[in-house]
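Please consult the sequence and structure shown below while reading.

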Amino acid sequence: HETGDIDETVQKMQHLVEWWNGVSKTTGGCIEPTKSWWYLIAFENNNTTPKYKTFGRSDHVLTCSDNNGNAHELKMLTADSAQEMLGVWLSPNGTDTHQVEEMSSKAKELATFASGASLTPYEADLALRTVIFKKFEYSAVSLNLQQHKYDNIVSPILSCYLPKMGVNCHVPKTIRHLPQHLQGLGIPNLFLTQNINKLVTITER
């Protein structure tokens, strides 16, 4: 983008913010400036390799008025800055570091909580399939993680729940994820879930 194109884009974005805020106010709502942020995406070539352009906070500004009509400057983030959107930490450049950290932290928390619980094999199996893995499946469609990252995330959960299910926690992955009608445990594979959900989303569109 040339500088003029960037300035024009920011002007259009400012108009869009004002329009959207006006529409929200007519229905009794309002954009909350302190909970809002924006990204300015542009690329520059470095030895023919495109990379995200970095902007200073004062280079371009977007403002939004609160419910009292007071104008506030919206926070501008860089392309590698992740923010939580609908429960998933995402960034324009696709960096998944923050989301992986959040999922790993949640997995350890769930494993710690369950380690002190007295669960029957049936209860442990039911919790693992219908509650624990569902928490991670929700965000999987928005991510692009490799198998080893998912393995690392769920490792503390499986180490805790498999013994409670009466299963050796070192059972081979093939048996772990193989469907039950083929004599496997049928435990969801988040990597496969991620990619199947993406295909379903694409085909439905």
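In which loop is the place of Leu86? Leu86 is located in the loop between β7 (83-85) and β8 (88-90). The model discussed here is predicted.

**Residues with positive phi**

- Most residues other than glycine have a negative phi.
- Leu86 is not a glycine, yet its phi is positive, at about 55°.
- With a relative accessibility of 74%, Leu86 counts as exposed, because exposed residues are those over 50%.
- Gln183, likewise not a glycine, has a positive phi of about 75°.
- The loop between α5 (173-177) and α6 holds Gln183, and this residue counts as exposed at 68% relative accessibility.

**Packing of α4 with α6**

- Two packed helices are described by the angle between their axes and the distance between the axes.
- For helix α4 (residues 147-164) and helix α6 (residues 190-204), the angle is about 125° and the axes are 8 Å apart.
- The two helices α4 and α6 are therefore oblique to each other.
- On the α4 side, the contact is made by Gln147, Tyr150 and Val154; on the α6 side, it is made by Leu190, Phe191 and Gln194.
- Sorted by class, the contact of α4 with α6 comprises four nonpolar residues, two polar residues and no charged residues.

**Packing of α2 with α3**

- The axes of α2 and α3 cross at roughly 175° and come within 11 Å.
- Because angles over 145 degrees count as roughly antiparallel, α2 is roughly antiparallel to α3.
- Gln99, Met103, Lys106, Ala107 and Leu110 of α2 make this contact with Ile132, Lys135, Phe136 and Ser139 of α3.
- By class, five nonpolar, two polar and two charged residues take part in the contact of α2 with α3.

**Nonpolar cores**

- In soluble globular proteins, nonpolar side chains tend to be buried together.
- The largest nonpolar core has 29 residues, of which Leu128, Phe136, Tyr150, Ile153, Tyr161 and Leu162 touch the most other members.
- Helices α2 (97-115), α3 (121-140) and α4 each supply at least two residues of this core.
- The most is given by α4, with eight residues.
- Another core, of twelve residues, lies apart from the largest one; among its members are Val17, Cys64, Leu74 and Met76.
- Leu162, one of the residues touching the most other members of the largest core, is in contact with Val167, Asn168, Cys169, Val171, Leu185 and Ile187, leaving aside neighbours within four places in sequence.

**Aromatic pairs**

- The count of aromatic pairs comes to two.
- Trp19 and Trp20 form a tilted pair, with 6.2 Å centre to centre and 45° between the planes.
- Trp20 has a relative accessible area of 48% and is partly exposed.
- Phe43 and Tyr52 form the other tilted pair, with 4.8 Å centre to centre and 40° between the planes.
- Phe43 counts as partly exposed at 42% relative accessibility, and Tyr52 also counts as partly exposed, at 31%.

**Ile157 in α4**

- Ile157 lies in helix α4 and is buried, with a relative accessible area of 1%.
- Not counting residues up to four places away in sequence, Ile157 touches Ala107, Ala111, Leu128, Ile132 and Phe136.
- Ile157 and Ser115 are 42 residues apart along the chain, and their C-alpha atoms are separated by 9.4 Å.

**Lys25 in α1**

- Lys25 lies in helix α1 (residues 3-26) and counts as partly exposed at 34% relative accessibility.
- The residues that Lys25 touches are Cys30, Ser65 and Asp66, not counting residues up to four places away in sequence.
- The C-alpha atoms of Lys25 and Lys12 are separated by 20 Å, and these residues are 13 residues apart along the chain.

How values were computed:
Residues are numbered from 1 along each chain as its sequence is written. This is a predicted model: local features need pLDDT of at least 70, side-chain atom pairs count only at pLDDT 80 or more; totals for chains, interfaces and linings use all residues. Side-chain values use heavy atoms; hydrogens and water are left out. Axes are lines fitted to C-alpha atoms, for helices over the stretch in contact, and angles run from 0 to 180 degrees between N-to-C directions. Helices (H or I, at least four residues) and strands (E, at least two) are DSSP runs, numbered from the N terminus. Angles under 35 degrees count as roughly parallel, over 145 as roughly antiparallel, 65 to 115 as roughly perpendicular and the rest as oblique. Contact means heavy atoms within 4.5 Å. Ala, Val, Leu, Ile, Met, Phe, Trp, Tyr, Cys and Pro count as nonpolar, Asp, Glu, Lys and Arg as charged, and the others, Gly among them, as polar. A nonpolar core is a set of buried Ala, Val, Leu, Ile, Met, Phe, Trp, Tyr and Cys residues joined through side-chain atoms within 4.5 Å. Buried means under 20% relative accessible area, exposed over 50%, partly exposed in between (1.4 Å probe, protein chains only). Rings of Phe, Tyr and Trp (its six-membered ring) pair if their centres lie within 6.5 Å; planes under 30 degrees apart count as stacked, over 60 as edge-to-face and the rest as tilted.
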